[in-house]
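Here's a quick tour of one protein, with an eye on its charged side chains. Have a look at the structure first, then we'll walk through it.

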Amino acid sequence: MTGDDCGVEKLDVGYNFGPFRIHTGWTTRWLDIMTGGLVYGDDHPYIGLTGNIGENFKWEADFTTVYDAIDKTTLDGDNLDWRFYSVKGIYKIPSGFAKGFVISPFYAFSDNNARNNAQVSYFGLEGYGKLGMFTPRFEIVYADGDTDDNAAGQDYDISAMAAYASVDVEIDPAFVPYVGIRFEEGDNDPTDDDIEAFNAITDIARYTPTFGMENAIVYRYVPVLGTHLYSGNFNWTGTQPGYGGISNSSHGDAPGLLMWGLGFKGKYDKWSYKVQYMDFQYDEEPLGLDGTSTDDEVGQELDVRVAYTFSNHFTIANTFAAFDPGDGIQDRLGNDYDDTALVDTIELIWNW
């Protein structure tokens, strides 16, 4: 089934056998949402196992179906499938200054027949947790694999990197400044047989703890920027078929990104707030209207969110977001694309 074929979601059932628990359903799962969200976070049908080795080490293993469709022209049950297998270890440091800090290696294998039989391994490591008044987070991922474009008679080798790092400083619960960077490798040559752009399975930057923001512009579907829902990158920019991304939308010659940002957030009584600034650049400049490389500056975003929690069941929030496009957008699309985008969103949030 594809996402449009079934209306059932957010179901998770299982049984604990003692040494491990088996569970299945259609609910939100993730590999790395606690750090950069560079590889996967989404809701798809899955079956998984979890267990513990000692008091401080937990492991997870999942089989997830992203697409399961039939090519009606050939009645091929595998041609449009996309599945991935993942394993993850979660180790909490048991003592000392770093007590409770998490070190988490993970591996995912993406078998993406829906995108030119792309078979990609993701090798990742993340870490997060409180160290006194500091909460550092880091993630590094390497993607390695290949894809076959049978229609063009071309094979491609995939090799790409991505990384993330940030730190929150809790001066007071009402004032927590933070700073961080995010990097995704890009590709500047769609004509060779190498794919060097980093494509996630499904990026989930929108819901990560530090720079995540529910209604930020860069986490929306904005064709002019080349962004897609949740991702916060520009992987919809390009011409060469990729090997992943939400709705399989990323391109193999995507320009990548380098983001640096800072902000502050806090909570006081029933109020909470978050203010952040992010600057975005291409890692590899795509071609502009004149056929030469663009400027590397994509733009800057300012986000402001204020929320008031009336009860455990209801919160109202307002998010203001502004994105000012850089010279890279104008070089790629023309001088008409230089207006600052402004979005203001009111959220009514019910929990039960």
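## Arg-206 and Glu-214

Let's start with Glu-214, which comes out as partly exposed at 27% relative accessibility. Its partner is Arg-206: the two form a salt bridge, with the closest N and O atoms 2.8 Å apart. Arg-206 is buried, at a relative accessible area of 8%. Keep in mind that this is a predicted model.

## The overall build

Stepping back, the protein has one helix and 16 strands. Its radius of gyration is 21 Å, close to the 20 Å that the globule rule gives for 352 residues, so the protein is as compact as a globular protein of that length. Along the principal axes, the C-alpha atoms fill a box of roughly 60 × 55 × 40 Å. As for burial, 47% of the 352 residues count as buried.

How many salt bridges does the structure hold? There are ten. Side chains of opposite charge can pair when their charged atoms come close.

One of the pairs is Arg-29 with Asp-62, whose side chains meet at 2.9 Å, N to O. Arg-29 sits in strand β2 (residues 20–30) and Asp-62 in strand β4 (residues 57–67), so this pair ties together parts that are 33 residues apart in sequence. Are the two partners buried or exposed? Arg-29 counts as buried at 17% relative accessibility, and Asp-62 is buried too, at 11%. Both values fall under the 20% cut-off for buried.

Then there's Lys-58 with Glu-60, a salt bridge at 3.8 Å, N to O. Here Lys-58 is partly exposed, with 35% relative accessibility, while Glu-60 counts as buried at 17%. Elsewhere, Asp-68, Asp-81 and Arg-83 are linked in a network of salt bridges.

## A negative patch

Which residues gather in a patch of negative charge on the surface? They are Asp-144, Asp-146, Asp-155, Asp-157 and Asp-193. Two elements give two or more residues to this patch: β8 (134–149) and β9 (154–169).

Take Asp-157 as an example from the patch. Asp-157 has its place in strand β9, and it is partly exposed, with a relative accessible area of 45%.

Conventions: Residues numbered from 1 in each chain as written. Predicted model: local features only at pLDDT ≥ 70, side-chain atom pairs only at ≥ 80, totals over all residues. Heavy atoms only, no water. Patch = residues over 30% accessible without salt bridge, like charges linked within 9 Å, V, L, I, M, F, W, Y side chains within 5 Å. Areas by Shrake-Rupley, 256 points an atom, 1.4 Å probe, with all protein chains shown as cover. Salt bridge = Lys/Arg side-chain N within 4 Å of Asp/Glu carboxyl O. Lys, Arg positive; Asp, Glu negative; His and termini not counted. Charge placed at Lys NZ, Arg CZ, Asp CG, Glu CD. Helix = DSSP H or I, 4+ residues; strand = E, 2+ residues; numbered from the N terminus. Buried < 20%, exposed > 50% of the residue type's maximum accessible area, 1.4 Å probe, protein only. Rg over C-alpha atoms; globule rule 2.2 N^0.38 Å.
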